[in-house]
Amino acid sequence: MSTLSPGIFSSRSRLRRQAAMFWLLRGIAAVNVLALVGVCAFLLWHGLPALSWEFLTEQPRKMMTEGGIRPCILGTAILSLGALLLAFPMGVASAVYLHEYAKRNAFARYVRLGVNNLAGVPSVVFGLFGLSFFVTFCGFGVSILSGVLTLAVLTLPVIIGTAEEALRSVPDTYREASLALGATKSQTIARVVLPCALPGMLTGAILGVARAAGETAAIMFTAAVFYTPKTPDSIFSAVMALPYHMYVLATAGTDIEKTRPLQYGTGLVLILLVLGMNLLAVLLRDHLQRRR
């Protein structure tokens, strides 16, 4: 009678454990997807009736119980895109220094530790920092400039981390081939490494824009106001913003139940705005990847 070796049983048990872990991971992913679909479906069901051309293009009226959210859309776009324009080049430059120039010493380790810790700091802490430094100490007041600078500081750790990972994914053979052809280190970084890493860096930009557009605590102290009837005409003007507008309608409105459709409509517009920004960045990233 033939006997089976113990290795066969251990191999089968290992395969069963592997299959069980795969199913567990699939279940976790399915829960996340269902939660996202549920939130989007809830907002669509309650917010879609509020969407109209007037809702997107008019000013709020009658203590924000009627009218539209045009100033909020404009303010959110200005704050998020302004923060991206400041944070992206600074984040890329910091990542290039950390990965390409900084030596493996205690200083570089402390900088990376600080960046990783900043990525987990609550946004309200950044808001209080922006209030005390940009608004009060620098004298910028509650303005677009203070909000953009605060959001840039908030999104900078995410951009630095993803940019450094993108640089790390570029094979060293690319650098070695460029240096062997006589290029300097700076030329190699500018003409070889950065173009190859740029699609991955745009992932950090996508995450940064999404976080900046949806922040409430970081802008309620620095840039956003309850209501302003005028379009911002300088970087020192205060603005309305979608997340803060939704927060005000839900907590401090004169008739919260009457503004409920406007709350859902504002939330739906915010999600669509973030989705549009992300889609544009993804298309740009895919275009750059195809050109490589």
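**Contacts and burial**

Q: Which residues does Pro-71 touch, not counting residues up to four places away in sequence?

A: A contact is a pair of heavy atoms within 4.5 Å. Once residues up to four places away in sequence are set aside, Pro-71 touches Glu-58, Gln-59, Pro-60 and Met-240. The model is predicted: local features need pLDDT of at least 70 and side-chain atom pairs count only at pLDDT 80 or more, whereas totals for chains, interfaces and linings use all residues. Residues are numbered from 1 along each chain as its sequence is written, and side-chain values use heavy atoms, with hydrogens and water left out.

Q: Where does Pro-71 lie, and is Pro-71 buried or exposed?

A: Helices are DSSP runs of H or I with at least four residues, numbered from the N terminus; Pro-71 has its place in helix 3. A residue is buried under 20% relative accessible area, exposed over 50% and partly exposed in between (1.4 Å probe, protein chains only). Pro-71 counts as buried because its relative accessibility is 12%. The C-alpha atoms of Pro-71 and Ala-241 are 7.3 Å apart, although 170 residues separate the two along the chain.

Q: Which residues are in contact with Ser-237, leaving aside its neighbours within four places in sequence?

A: Ser-237 is in contact with Val-142, Ser-143, Ile-144 and Pro-232. Its place is the loop between helix 9 (217-220) and helix 10 (242-251). Ser-237 also counts as buried, because its relative accessibility is 7%.

Q: Is Ala-210 buried or partly exposed?

A: Ala-210 is partly exposed because its relative accessible area is 25%. Ala-210 belongs to helix 8 (residues 185-214). With neighbours within four places in sequence left aside, its contacts are Val-274 and Asn-278.

**Salt bridges**

Q: How many salt bridges are counted?

A: A salt bridge requires a side-chain nitrogen of Lys or Arg within 4 Å of a carboxyl oxygen of Asp or Glu. The count by this rule is 5. One of the pairs is Glu-100 with Arg-175, whose closest N and O atoms are 2.8 Å apart. This pair joins distant parts of the chain, with Glu-100 in helix 3 (residues 70-101) and Arg-175 in helix 7 (residues 172-180), 75 residues apart. Glu-100 and Arg-175 are both buried, and for Arg-175 the relative accessibility is 10%.

Q: What is the N to O distance between the side chains of Asp-172 and Arg-175?

A: Asp-172 and Arg-175 form a salt bridge at 3.1 Å, N to O. Both residues lie in helix 7, 3 residues apart, which is about one turn of the helix.

Q: Which residues are linked in a network of salt bridges?

A: The network links Arg-112, Glu-164, Glu-165 and Arg-168. Within this group, the side chains of Glu-164 and Arg-112 meet at 2.7 Å, N to O. Glu-164 is buried at 7% relative accessibility, whereas Arg-112 is partly exposed at 27%.

**Surface patches**

Q: Which residues form the nonpolar patch on the surface?

A: Patches comprise residues with over 30% relative accessible area and no salt bridge; like charges are joined within 9 Å and nonpolar side chains (Val, Leu, Ile, Met, Phe, Trp, Tyr) within 5 Å. Met-21, Phe-22, Leu-24, Leu-25 and Ile-28 form the nonpolar patch, which has about 480 Å² of accessible area together (Shrake-Rupley method, 1.4 Å probe, only the protein chains shown counting as cover). Leu-24, in helix 1, is partly exposed at 46% relative accessibility.

Q: Which residues gather in a patch of positive charge?

A: Lys and Arg count as positive and Asp and Glu as negative, with His and the chain ends not counted; each charge is placed at NZ of Lys, CZ of Arg, CG of Asp or CD of Glu. Arg-12, Arg-14, Arg-16 and Arg-17 make up the positive patch on the surface. Of these, Arg-14 lies in helix 1 (residues 6-47) and is partly exposed, with 47% relative accessible area.

Conventions:
Helix = DSSP H or I, 4+ residues; strand = E, 2+ residues; numbered from the N terminus.
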